[in-house]
Amino acid sequence: MPKINVLSKNVAELIAAGEVVERPASVVKELVENSIDAGACSITVEIKGGGILFLRITDNGCGIEREDVPTAFLRHATSKIKNEIDLNAIGTLGFRGEALCAVAGVSRVEMLTCTENSISGTRYVIEGGEQLAFEDAGCPKGTTIIVRDIFYNVPARMKFLKKDVTEGNAVAAIMERIALSHPEISFRFIRDSKSVFVTKGDGNLKNAVYSVLGREFASNLIEVNGETDGIKVKGLVSKPINCRTSRSGQFFFLNSRFVKSGTVTAALEQAYKNTIMVGKFPCAVLNVSVPFGSVDVNVHPAKTEVRFSDERAVFNAVYYSVKNAITFSDTRPEATFKSSAVNPFARMTAQEYKQTANVGANTKPRSFEYVPPTKKEETSFTLSDVIKAQQQTVKIEMPEIRVEGQAEAAPEPPIVLEKAEVQNTAVNKAEAPETKIAEETKSQKEVRYIGEALKTYIIAECENEVYLIDKHAAHERINYERLKSTEEIAVQALLTPVAVTLPSDDYILITENGDKISEAGFEIEDFGNNSVLVTAIPQMLTGLDVQTLVFDLAESLSETKTAVLPAQERIFHTVACKAAIKAGYNTSAYELERLASRVINDDSIMYCPHGRPVAIRLTKNEIEKQFGRIQ
Ligand code: ADP
Ligand code: MG
């Protein structure tokens, strides 16, 4: 064993510095946090060459007294805590007294600082831990720190730095988080002489989001402001329709400090369940405030993952705050017309009109497209996409049973529409009502049924708005809500039990999930030899082919792509879908009218269980605009 040496102070400090300073982004984080702790309301960060060559942080905070400047660069020098009692009530971001020492140890640092009451400021230069200048300087109140050539004296560390662009991006990410967590401070971020963003610093989170993440991100957010058990949850979340294909739009803060937390992520996403498509993620800028002391604040400054002493309480606070916000402020997507250079609806000259008239049937008016208000590519879909999606649904559905002698109307299971309040009382199995229609109450908005388009979309009118409702999606969602909320699902006993033989994998799935399947209203017994005996099915599926239903259940249980959902949900989805009226098939006007009224009057019927919108709105205003009646 080689001899044990005590490391020289210099080497030991370099090792310690490496823990605080990993890359330019961590330097920026530490220094900006110092500025925030110094009470600054305006902070400018400028970087060049990814921050490796040059970075400058200027603040208008309290500054440092002349005699304290060299001390601030010593290890464990801090003005923020004096003793261990203070440790328990930490209100500042930094408190370890390591940052300045570490940064100065591995780069060339120049500081200009001036406090309010001092006549002149101080200039201090320190390179590789060695003091080079300590003198008077004229400068405004506040502190400016310039850091050049990070790791110039530690080649081993220098090697680990990535390309300038990558390091610069990491700084940008840190700046975004900090600016979003402090809307009350005005941040200016300049990268390679170009201004990246400037926040107002007026305390309005929406304005900060607008400056940092852009107009599109900011224009479709819902405010969240909730509190449960002393845990406050405040911020902004996206409307379900504007979700992204990744979690890149999620920013969480704990007491205004950027954190990552599996619990908060899960609670957020859970709150959107059944309102967004599988594989889409909500955007959020959320600050969770917990009383000081209930989190381990002594987490390493470079680590962002936090643990709460009561994870469940945090989950609930986030979940309910977000869920409430979505429920109360989400509105149905509104259809607008894409403005294009050629607008066939624009007013024409007489000459143009004649020309168009001559072409006759060849000129087709442009079809209207649904454009979500964000106009974001990832969230926009056209009406034809909706139809396509609908057709796909139709494809996987079981063949329709035709009742002989019924020439026209395709037989459909009866539409069972119930009000949410009614759902809570369990439907007695013996009762098994045939058709239940939503009870009309005084508060119901009057809905005028106009007709059905493409055998799929109900057209209805209500309070100066025209609705297009996807009949299958709407009915599917209503069924799904019923399945989820009734304690006992209405079941239909079969006159003759049906034996179904399955492939062995499916047989195992069905028998293993027996309880869950019976929750949905099936009565299925294990018949042995890869067979099951079905004695009852959910009442809403009356008339459908039993064997096909069992196959569908097995399929939904084996689907790997939707495996994110628990088996029970998948069974409910399947039943809700099978029981729903289908696109492309005939449905009576009476039923469609009832469906429209239910959907328009119940804001919880906004998305189908797969997250597709149930209805889109066309406002009178938008229609009039298109016809040139108004500007
Ligand atoms: P910590 O932030 O953990 O206290 P630092 O090494 O980051 O340790 O800073 C040391 C001290 O220097 C701080 O406690 C503070 O008193 C002072 N300081 C650092 N940056 C600034 C600044 N921008 N404005 C005013 N004081 C500062
Ligand atoms: Mg600090």
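**Sheets, core and a helix pair**

User: Which strands form the three-stranded open sheet, and how do you know that they pair?

Analyst: The order is S17-S19-S18, with antiparallel pairing. Two strands count as paired if DSSP finds at least two bridges between them, and S18 and strand S19 (residues 531-538) have five. Glutamate 523, for example, stands opposite alanine 536 in S19. The model is predicted, so local features need pLDDT of at least 70 and side-chain atom pairs pLDDT 80 or more, while totals for chains, interfaces and linings use all residues. Residues are numbered from 1 along each chain as its sequence is written, chains are lettered from A and ligands numbered from 1 in the order written, and side-chain values use heavy atoms, without hydrogens and water.

User: Why are strand S17 and strand S18 called edge strands?

Analyst: Strand S17 (491-501) and strand S18 (523-528) each have a single partner strand, so one side of each lacks a neighbour in the sheet. Neighbouring strands of this sheet are turned by 15° against each other on average, direction ignored. Helix H18 (residues 546-558) packs on the sheet and touches S17 and S19, its direction making about 75° with that of S17. Such angles run from 0 to 180 degrees between N-to-C directions of lines fitted to C-alpha atoms, for helices over the stretch in contact.

User: What is the strand order in the eight-stranded sheet, and which strands are at its edges?

Analyst: The order of this open sheet is S5-S4-S3-S6-S2-S1-S7-S8, and the pairing is mixed. Strand S5 (130-137) and S8 are the edge strands, pairing on one side only. The twist from one strand to the next averages 10°. Strand S4 (residues 121-127) pairs with S5 in the antiparallel sense over seven bridges, and glycine 121 has alanine 137 in S5 as its bridge partner. Helix H5 (residues 99-106) packs on the sheet, touching strand S3 (108-114), S4 and S6, at about 140° to the direction of S3.

User: What makes S7 and S8 a hairpin?

Analyst: Strand S7 (residues 186-191) and strand S8 (residues 194-198) run antiparallel and are joined by four bridges, with two residues between them. The strands are DSSP E runs of at least two residues, and helices are H or I runs of at least four, numbered from the N terminus. Arginine 191 has lysine 194 as its bridge partner in S8. In the turn, aspartate 192 has a positive phi of about 45°.

User: Which residues touch the most other members of the largest nonpolar core?

Analyst: Val32 and Phe187 do, in a core of 57 residues. Its members are buried (under 20% relative accessible area; exposed is over 50%, partly exposed in between; 1.4 Å probe, protein chains only). They are Ala, Val, Leu, Ile, Met, Phe, Trp, Tyr or Cys residues joined through side-chain atoms within 4.5 Å. Helix H7 (residues 164-181) gives the most to this core, with eight residues. Beyond four places in sequence, the contacts (heavy atoms within 4.5 Å) of phenylalanine 187 include Val32, Ile36, Met175 and Phe197.

User: Why is H15 called oblique to H19?

Analyst: Helix H15 (residues 471-485) and helix H19 (residues 567-579) pack at about 135°, with axes 8 Å apart. Roughly parallel means under 35 degrees, roughly antiparallel over 145 and roughly perpendicular 65 to 115, the rest being oblique; H15 is therefore oblique to H19. Among the residues that meet are His472 and Tyr480 in H15, and Phe572 and Ala576 in H19.
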